[in-house]
Amino acid sequence: ARDSLSELDQKRVTIFDSREASCGQALMAHKAVELAREGKSILEILGHLNELKERIKLFGCPKGVEYLISGGRLRGFKAEAAKLFQAIGAHPKLYLKNGRIKSAGLLPEFGDFAQSLSSCITADGRRGVFAAISHGQMKKKAEELSYLLKRQGVRVLFTEQLNRVVGVHTGPALLVAWYEEY
């Protein structure tokens, strides 16, 4: 993308690998804008974002695993195990770490996901928590999660429809990214 810019514009563009997706990237962009409005330099902003990317947590729960399998995110034994768990009514909780999808356990029923995530995020009396929620065809679950988080003092910056880039891999799903401000 940088190569398509003029030489002058190339000097103004800074590439930053957030190692995040969807709402995690949005949280970082929100923080970058906030810091720029405070008059921080590009180096100060990048320093803060590098520190922040270590603290952002992105959790998700797809309603089914077929999109993850067909998109190549789950393969081999993991795909077979996920199908087996889904067949007995369990749903995977997933998280993103260093750009890779990892398992965070199982939910016995999908309906518990909003409560489960809310409990995880607000555990141990965390304060100064910021969150963003994305959903794929699960607006009511996203609204439930937002309500639960706000009741616990979390600042939910936005709730949005999941973008197509991520949605093609998750199908109907609920994602939340969050971090604790120090």
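Leu5 is placed in the segment before helix H1 (7-12); helices (H or I, at least four residues) and strands (E, at least two) are DSSP runs, numbered from the N terminus. The structure is a predicted model, in which local features need pLDDT of at least 70, side-chain atom pairs count only at pLDDT 80 or more, and totals for chains, interfaces and linings use all residues. Residues are numbered from 1 along each chain as its sequence is written, and side-chain values use heavy atoms, with hydrogens and water left out.

Leu5 has a relative accessibility of 30% and counts as partly exposed. On this scale, buried means under 20% relative accessible area, exposed means over 50%, and partly exposed lies in between (1.4 Å probe, protein chains only). Together with Val13 and Ile15, Leu5 makes a nonpolar surface patch of about 240 Å². Patches are made of residues with over 30% relative accessible area and no salt bridge; like charges are joined within 9 Å, and nonpolar side chains (Val, Leu, Ile, Met, Phe, Trp, Tyr) within 5 Å. The areas come from the Shrake-Rupley method with a 1.4 Å probe, and for residues only the protein chains shown count as cover.

Side chains of opposite charge can pair when their charged atoms come close. Five salt bridges are found in a search of the whole structure, a salt bridge being a side-chain nitrogen of Lys or Arg within 4 Å of a carboxyl oxygen of Asp or Glu. One of them joins the side chains of Arg12 and Asp9, at 3.7 Å from N to O. Both residues belong to helix H1, where Arg12 and Asp9 are three residues apart, about one turn of the helix. Arg12 is exposed, at 67% relative accessible area, whereas Asp9 is partly exposed at 28%.

Another salt bridge links Lys31 with Glu34, whose closest N and O atoms are 2.8 Å apart. Helix H2 (residues 23-37) holds both Lys31 and Glu34, again three residues apart, about one turn of the helix. Lys31 is buried, with 6% relative accessibility, while Glu34 is partly exposed at 25%.

In helix H7 (residues 139-151), Lys141 and Glu144 are separated by about one helical turn because they are three residues apart. These two residues form a salt bridge with 3.5 Å between the closest N and O atoms. Glu144 has 32% relative accessibility and is therefore partly exposed. Leu145 also lies in helix H7 and is buried, at 0% relative accessibility. Between Leu145 and Ser6 there are 44 Å in space, C-alpha to C-alpha, and the two are 139 residues apart in sequence.

The loops on either side of H7 were also examined. Gln137 is in the loop between strand S4 (129-136) and H7. Although Gln137 is not a glycine, its phi is positive, at about 60°. Gln137 counts as exposed, with 66% relative accessibility. Gly153 is in the loop between H7 and strand S5 (155-161) and is exposed at 56%. The C-alpha atoms of Gly153 and Asn50 are separated by 26 Å, the residues being 103 apart along the chain.

Grid points are joined across faces, edges and corners, and a volume is the space filled by probe spheres set on the points. The largest pocket has a volume of about 930 Å³. It is lined by 37 residues, of which Arg73, Leu94, Arg100, Ile101 and Lys102 are the closest to its centre. Two or more lining residues come from each of strand S1 (57-62), helix H5 (76-87), strand S2 (91-97), strand S3 (100-107) and helix H8 (164-170). S3 gives the most to this lining, with six residues. The lining of the largest pocket comprises 20 nonpolar, nine polar and eight charged residues; Ala, Val, Leu, Ile, Met, Phe, Trp, Tyr, Cys and Pro count as nonpolar, Asp, Glu, Lys and Arg as charged, and the others, Gly among them, as polar.

The second largest pocket holds about 230 Å³ of space. Of its 14 lining residues, Lys53, Glu54, Ile56, Leu96 and Lys97 are the closest to its centre. S1 and S2 are the elements that give two or more residues to this lining. By class, the lining of the second largest pocket divides into five nonpolar, two polar and seven charged residues.

Technical notes: On a 1 Å grid over the protein atoms alone, a cavity is a set of points where a 1.4 Å probe fits but cannot get out, and a pocket is an open set with protein on both sides within 12 Å along at least five of seven lines; lining residues have an atom within 4 Å of a point.
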